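Let's take a walk through this one, stopping at a few places along the chain. Have the sequence and the structure open side by side as we go.

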Amino acid sequence: MNDDISPADDPVTETGAERTGFQLARSADVLPSAIYLLPNPLRPFFPGQVMPVLLSNEHWLDTLKAVKEVEHNVVGVVYTGDKEPGDLSGEDFRGMGTACRIHRVHQHEDQIHVVLVGEQRFRVGKWISSKPPFQAHVRYYKDTGGEDPTQIKAYTTAIINGIKELLPLNPLYGEELKIFLQNYKPDDPSRLADFAAALTTAEAAELQEILDTVDLSARLEKAFVLIKKELEVANAQMEIRRHVEEEMQSRQREVFLREQLKYIQTELGIQKDDRTAEIELFKERIGSLEPPAAAQKRIDEELRKMSVLEPGSPEYTVTRNYLDWLTVLPWGLYTEDNLDLDEAARVLGRDHEGLLDVKERILEFLSIGKLKGEVGGSILLFVGPPGVGKTSLGRSIADALSREFYRFSLGGMRDEAEIKGHRRTYIGAMPGKFIQAIKETGSSNPVIVLDEVDKVGASFHGDPASALLEVLDPEQNSDFLDRYLDVRFDLSKTLFICTANQLDTIPGPLLDRMEIVQLSGYLASEKSDIARKHLLPKLFRKAGLKRGQVRVEPAAARKIIEHYAREAGVRKLEKMLGKVVRKAATRIVRGQADKLKVKAGDIEDYLGKPVFEKERRMSGVGVVSGLAWTSLGGATLAVEANRVHSQNRGFKLTGQLGDVMKESAEIAYSYIAGNARKFGIDPGFFDKAFVHLHVPAGATPKDGPSAGITMATALVSMARRRRVKNGIAMSGELTLTGQVLPVGGVQEKILAARRAGMMEVILPAANRGTFEDLPEPVTKDIAIHFVGNYADVFGIVFM
């Protein structure tokens with residue numbers, strides 16, 4: 001890129017002009033052959049240009065100090081492009097730059113302000129230092145190509161005329177021109193060409209091309225082209241500005257005329273002003289409602305205040321919005337309940353398959369409401385895995401009662417103002433979600449579903465769960481006070497239905513106010529009915545398929561349920577069926593078939609390899625099958641125990657177990673080791689055995705106490721070197737004295753055992769009532785053993 005030129009070989013660098021007698025040399029003629037270089041990342045710097053430059057103290061202070069130590073006070077400015085100062089090298093400097101004299105240096109904090117005056121263009125020659133401070137030998141260039149004065153004059157005149165046309169379009173051009181004329185004559189073609197280029201907003205590459213051009217005629221031509229481009233851009237900007245100003249003037253004129261018209265109409269009584277119209281609107285609204293005395297008093301006060309406020313004042317807007325909310329609420333408006341139990345049963349059966357115990361509980365709730373003459377005063381909490389129909393049950397209850405329905409999610413809510421509303425002093429203040437629900441439904445007794453009540457958060461904004469206590473307490477919500485309304489609203493007639501996946505994260509005081517209804521999940525047969533009656537018709541409608549175009553056989557649906565969508569709910573099942581329907585629709589559109597029948601054997605073509613294979617039963621010495629509850633339903637849980645060596649006593653746990661499950665394992669180990677003789681184990685076995693207990697799969701977190709008897713049985717099997725009875729599964733918490741305590745999730749665990757083909761199950765005796773309440777399809781053909789202590793378990797599995 002750079003020529004290696006020695007300044008001694010270049011006659012131009014010696015004096016630049018002959019000196020005779022006492023003739024003075026110009027500053028541009030006395031320039032050093034070796035100079036320090038500064039980078040210019042924005043755009044090239046031209047001779048004759050005066051420009052302030054902002055430099056980094058960290059990177060360029062040493063360079064300026066070096067320049068200060070030499071007499072000539074000259075530095076070279078070269079365009080480098082947009083590159084970080086710390087990453088610059090000699091290769092980043094363009095070949096041509098401008099020698100500048102430093103006129104002023106001012107250091108402020110970590111920056112240096114420098115005023116530079118361009119003297120003459122140069123080409124970088126041999127590098128003295130290619131890293132900061134950069135220094136190189138340079139070769140200076142004088143203008144060439146001025147042999148044709150007519151051409152030079154023509155270009156000079158054209159450029160001057162172009163600059164004259166630019167001056168009215170942008171005042172900044174005038175300021176630049178004043179600085180130029182203070183230092184140079186307009187008939188200096190070389191300086192004029194450089195000034196014209198620097199005046200434009202051209203790209204850096206175009207400006208560098210002009211700086212590289214030494215031939216004066218060619219440089220004038222290129223500068224003239226840039227001036228013409230700049231003129232076109234300036235004219236376009238002026239046209240846009242003129243158009244915008246005309247639009248604004250037109251709108252201002254229209255607004256002015258409208259205001260005049262409004263004033264004339266108001267004076268003639270043809271039209272009321274905005275304030276009067278809004279006050280009459282609020283009075284008309286409240287005339288058809290029955291607000292309590294306190295609310296009516298507040299409305300009257302706010303109307304009087306609004307009548308004396310100026311419409312343009314901030315207080316007017318606050319008062320207007322407040323009155324808008326007060327008068328739009330359905331004070332005293334209630335939906336008449338439909339308490340026909342047969343109709344309610346029909347609606348619940350229409351919208352949901354299975355869930356017989358849940359439907360029965362809902363009908364009991366409605367029966368009490370029918371006897372009382374109203375439904376309210378209690379809050380239902382539907383608890384169950386995702387996708388079992390908790391939210392849709394709330395909608396069905398609203399349909400059965402002929403009430404309005406509103407739903408919102410509490411998941412992730414961290415600000416109690418979402419519940420209680422914001423104070424009106426805040427900008428953008430609004431009532432809380434419950435008042436918004438009342439406004440949205442237009443009824444004072446809607447059905448409001450609060451989804452994800454177990455996922456309410458807390459932050460420095462407050463605790464929404466605590467704020468819910470007032471809303472969901474039948475003894476308090478008759479006088480619910482929203483901070484925005486600042487008047488009490490009766491929520492006691494509203495039916496609140498909450499949904500949750502688990503109870504552990506719901507605060508105790510809040511849980512105490514709710515009636516819990518457990519939704520355990522669907523059986524495979526119920527899922528099959530849901531797919532046939534609800535999911536497939538909906539998916540066919542969404543896909544635009546006509547009746548009979550695609551038929552999914554029951555066996556295919558069962559295969560999807562067993563091998564692709566095994567969770568307790570039906571969301572995954574709907575997604576898998578949707579995928580089948582989409583692929584079938586694609587085949588029909590492509591003309592591969594007019595009608596399609598999806599069989600069980602076709603499912604892998606549509607959905608790929610099964611996600612869930614048939615659960616393998618692990619068997620052997622020290623291996624026992626337990627039962628576990630998960631948020632997606634039930635699952636079998638194998639527990640493995642093995643003696644690693646007999647050198648010393650030890651006990652190791654693996655399988656990503658939680659704290660409670662680790663404690664349960666230690667209890668099982670201590671109980672079996674302490675009662676070894678009772679179970680036919682050598683009393684000294686555990687004194688020498690290092691035992692390893694593992695719960696597959698290792699990547700899945702596990703916790704809970706219900707695997708106590710399972711782990712104890714695995715230890716007994718290992719120590720006695722005997723397998724347990726085949727096809728048996730168990731669940732129960734074990735104590736240090738061998739007592740077996742009750743567990744939860746009985747239905748899910750029984751379903752998991754049935755799915756794995758284990759038709760014999762051991763449960764705590766305290767769970768007998770829970771088991772007997774299960775639907776008949778769940779318990780059919782299951783051999784159940786209820787145990788009160790571990791000796792009973794031992795007698796069953798090793799008989």
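Val214 counts as buried, because its relative accessibility is 16% and the cut-off for buried is under 20%. You'll find Val214 in the loop between helix H5 (204-212) and helix H6 (216-268). Keep in mind that this is a predicted model. Now look for Phe122: Val214 and Phe122 sit 92 residues apart in sequence, yet their C-alpha atoms are 9.8 Å apart in space.

Strand E5 covers residues 111-129, and strand E2 (residues 50-56) runs antiparallel to E5, joined to it by seven bridges.

Follow the chain from E4 to E5 and you trace a hairpin with two residues between the strands. One to check in that turn is Glu109, which has a positive phi of about 55°.

Carry on along E5 and the chain makes another hairpin, now with five residues between E5 and E6. Strand E6 (residues 135-140) pairs with E5 over five bridges, again in the antiparallel sense. Ser129 stands opposite Gln135 in E6.

Strands of a sheet pair through backbone hydrogen bonds, either parallel or antiparallel. What order do the strands take in the open sheet of five, with parallel pairing? Reading across, they go E8-E9-E12-E7-E13. Strand E8 (405-409) and strand E13 (514-518) are the edges, each pairing on one side only. From one strand to the next, the twist averages 20°.

Within that sheet, take strand E7 (residues 379-383) and strand E12 (residues 495-500), which pair in the parallel sense over five bridges. Ile379 has Phe496 of E12 as its bridge partner. Packing on the sheet is helix H12 (residues 390-401), which touches E7, E8, strand E9 (447-451) and E12. The direction of H12 makes about 165° with that of E12.

Is Asn477 buried or exposed? Asn477 counts as buried, because its relative accessible area is 3%, and the cut-off is under 20%. Asn477 belongs to the loop between helix H15 (464-471) and strand E10 (480-481). Leaving out residues up to four places away in sequence, Asn477 touches Glu470, Val471, Phe489, Asp490, Leu491, Ser492 and Phe496.

Last stop: a pair of helices. The axes of H23 (residues 708-720) and H27 (residues 790-797) come within 11 Å and cross at roughly 55°. That angle is why H23 counts as oblique to H27. The crossing of H23 and H27 is right-handed. On the H23 side, the contact is made by Ile709, Ala712, Thr713, Val716 and Arg720; H27 brings Tyr790, Val793, Phe794 and Val797. Sort the residues of this contact by type and you get seven nonpolar, one polar and one charged.

Conventions
Residues numbered from 1 in each chain as written. Predicted model: local features only at pLDDT ≥ 70, side-chain atom pairs only at ≥ 80, totals over all residues. Heavy atoms only, no water. Axes fitted to C-alpha atoms, helices over the stretch in contact; angles between N-to-C directions. Helix = DSSP H or I, 4+ residues; strand = E, 2+ residues; numbered from the N terminus. Parallel < 35°, antiparallel > 145°, perpendicular 65-115°, else oblique. Left-handed = near helix turned anticlockwise from the far one by under 90°. Contact = heavy atoms within 4.5 Å. Nonpolar A, V, L, I, M, F, W, Y, C, P; charged D, E, K, R; others polar. Pairing = 2+ DSSP bridges. Buried < 20%, exposed > 50% of the residue type's maximum accessible area, 1.4 Å probe, protein only.
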